[in-house]
Amino acid sequence: MPLSNSAVRDIETLVHPYTNLALHRETGPLVINRGEGVFVYDEHGKAYLEGMAGLWCAALGYGNEELAEVAARQIRTLSFTHLFGGKSHDPAIELAEKLKEIAPSPMSKVFFTCSGSEANDTQVKLIWYMNNALGRPQKKKIISRIKGYHGVTIASASLTGLPNNHIDFDLPIPGILHTGTPHHYRNALPGESEVDFATRLADELEALILKEGPETIAAFIAEPIMGAGGVIIPPTTYFEKIQEVLQRHDVVLIADEVICGFGRTGKMWGSQTFNMQPNALSCAKALTSAYFPLGAVMIDERMYDALVSESRKIGTLGHGFTYSGHPVGSAMALKTIEIYQRERIVEKVAAKAPQFQKRLKALADHPLVGETRGIGLIGALEMVADKASKRSFEAKKMIGAMCVKHCEKEGLILRNLPNDAIGICPPLVISEAEIDLLFDRLTTALDKTEADVSAQNLRAA
């Protein structure tokens, strides 16, 4: 089929994130023109069940009239003002109050950004700033995890533990370290239980801290569930044991709740699901159900006291964004959280999760699938060339991309993740019937992928 006019214009004008730009010039884009509920529609009118909630973010689905109305009302009332130089406005104040109220651990103050990447970049700066204020100029290193995803700005991309975010970008920057991935299926020793695996990972983290010197280690950042790295669920007791290590060495725990926050796991925060007590927290995405670019950094009292001390010494806090606490985004976030609470969205996620997870786990019997994993309304399946040995397909065979393309043909949008994992993260408002439709279409796509694999002998090493 020849490319549409929109597709040709796209190729000549846009640089697409996370896209093979050379291949894109040949295939062109999927042009989405509208959305309603859990479906989006392309330029030809074809409907797709949006099985990734966009990019893990459109929690309330598409076309929510309440959010449209509050945006229009705020634009008419106060379309823009800023927080620089001590200025403020009610939507930002009220949103900060609400976030402190619902935070998973005690937080003192809120700093607003436009994205999760900016939030995590800000975390790095504030950690460095705090330790300078505390007279600990050597305590600056930050530990992330292999396969963790924390964004794409220079500092946050350095925290990200995925090779393609580093290669030829000259990253990571100095002072960013990476420890092991808590993926039992791939990284446990033969016969090692989840508890024993968690103990080993905590021991490895402590060994890294001792090797580098505890006086140099400032923070540890972690997603409750590793999202873009493959929807990796931590083993039992993992975060409890990790936090014991961090507390022994006065290392700040930063929770990256950009994907997990606001109900995805069946609780308001992933931190609550996995018994995390963070000292600082980053959120974005579902904060506005992706209807407006907005992120937030929450910090505890010790970090805030350091900001006050240094700004007194320097004369200002030399950090901020033009759109920090944008009044339209703040008003929309307040309405989004109101909807979550009024409509009991988090409780409904917990109620729908058993059906979602049952359908996901049933795919473990498919000849292509090595592992299924998930919690709440998030999950992934990992495709393998050999189920018994867990042997992966060669990356160049692009089995994950093949499966996602078959999904698209079936009217389902999912995402290809590392190691031929297929991520699933629908809007939280998805119905039981739509959950079944999602997995029916995914099963058909897997069957068609298996037919291609067999016909082309793609399992051969």
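A: Let us begin with a helix pair: the axes of helix α15 (residues 399–409) and helix α16 (residues 432–455) come within 8 Å and cross at roughly 130°. Axes here are lines fitted to C-alpha atoms, for helices over the stretch in contact, and angles run from 0 to 180 degrees between N-to-C directions; helices (H or I, at least four residues) and strands (E, at least two) are DSSP runs, numbered from the N terminus. The model is a predicted one, in which local features need pLDDT of at least 70 and side-chain atom pairs count only at pLDDT 80 or more, while totals for chains, interfaces and linings use all residues. Residues are numbered from 1 along each chain as its sequence is written, and side-chain values use heavy atoms, with hydrogens and water left out.

Q: How are α15 and α16 oriented to each other, and what is the handedness of the crossing?

A: Angles under 35 degrees count as roughly parallel, over 145 as roughly antiparallel, 65 to 115 as roughly perpendicular and the rest as oblique; α15 and α16 are therefore oblique to each other. A crossing is left-handed if the near helix is turned anticlockwise from the far one by less than a right angle, and right-handed if clockwise, and α15 passes α16 in a right-handed crossing.

Q: Which residues in α15 and α16 meet?

A: Contact means heavy atoms within 4.5 Å. On the α15 side Ile-399, Met-402, Cys-403, His-406 and Cys-407 take part, and they meet Leu-442, Ala-445, Leu-446, Lys-448, Thr-449, Asp-452 and Val-453 in α16. An α-helix has 3.6 residues a turn, so residues three or four places apart point the same way.

Q: How are α6 and α12 oriented to each other?

A: Helix α6 (residues 116–133) and helix α12 (residues 301–314) have axes that come within 8 Å and cross at roughly 70°. The two helices α6 and α12 are therefore roughly perpendicular to each other. The residues of α6 that meet α12 include Leu-126, Ile-127 and Tyr-129, and among their partners in α12 are Arg-302, Met-303 and Ala-306.

Q: How many aromatic pairs does the rule count?

A: Rings of Phe, Tyr and Trp (its six-membered ring) pair if their centres lie within 6.5 Å; planes under 30 degrees apart count as stacked, over 60 as edge-to-face and the rest as tilted. By this rule the count comes to seven aromatic pairs. In one of them, the rings of Tyr-238 and Phe-239 have centres 4.8 Å apart and planes at 75°, so the pair is edge-to-face. In another, the rings of Phe-262 and Trp-269 have centres 4.9 Å apart and planes at 50°, so the pair is tilted. Phe-262, Trp-269 and Tyr-340 form one aromatic cluster.

Q: Are Phe-262 and Trp-269 buried or exposed?

A: Buried means under 20% relative accessible area, exposed over 50%, and partly exposed in between (1.4 Å probe, protein chains only). Phe-262 counts as buried at 0% relative accessibility, and Trp-269 is likewise buried, with a relative accessible area of 0%. In helix α10 (residues 238–248), the buried residues include Tyr-238, Phe-239 and Lys-241, and the buried residues of α10 pack against β5 (141–145), α9 (194–212), β7 (217–222) and β8 (252–256).

Q: Which lysines have a charged end over a ring?

A: A charge sits over a ring if NZ of Lys or CZ of Arg is within 6 Å of the ring centre and within 35 degrees of the ring normal. Lys-109 lies over the face of Tyr-304, at 4.1 Å from the ring centre, and the charged end of Lys-390 sits over the ring of Tyr-185, 4.5 Å from its centre.

Q: Where is phi positive, and which peptide bond is cis?

A: Most residues other than glycine have a negative phi, and most peptide bonds are trans. Phe-262, in the loop between β8 and α11 (270–273), has a positive phi of about 75° although it is not a glycine. Lys-285, in the loop between β9 (280–283) and β10 (295–299), has a positive phi near 40°, and at 25% relative accessibility Lys-285 counts as partly exposed. The peptide bond from Leu-171 to Pro-172 is cis, with omega near 5°, and Pro-172 is found in the loop between α7 (154–159) and β6 (176–179). At 36% relative accessibility, Pro-172 counts as partly exposed.
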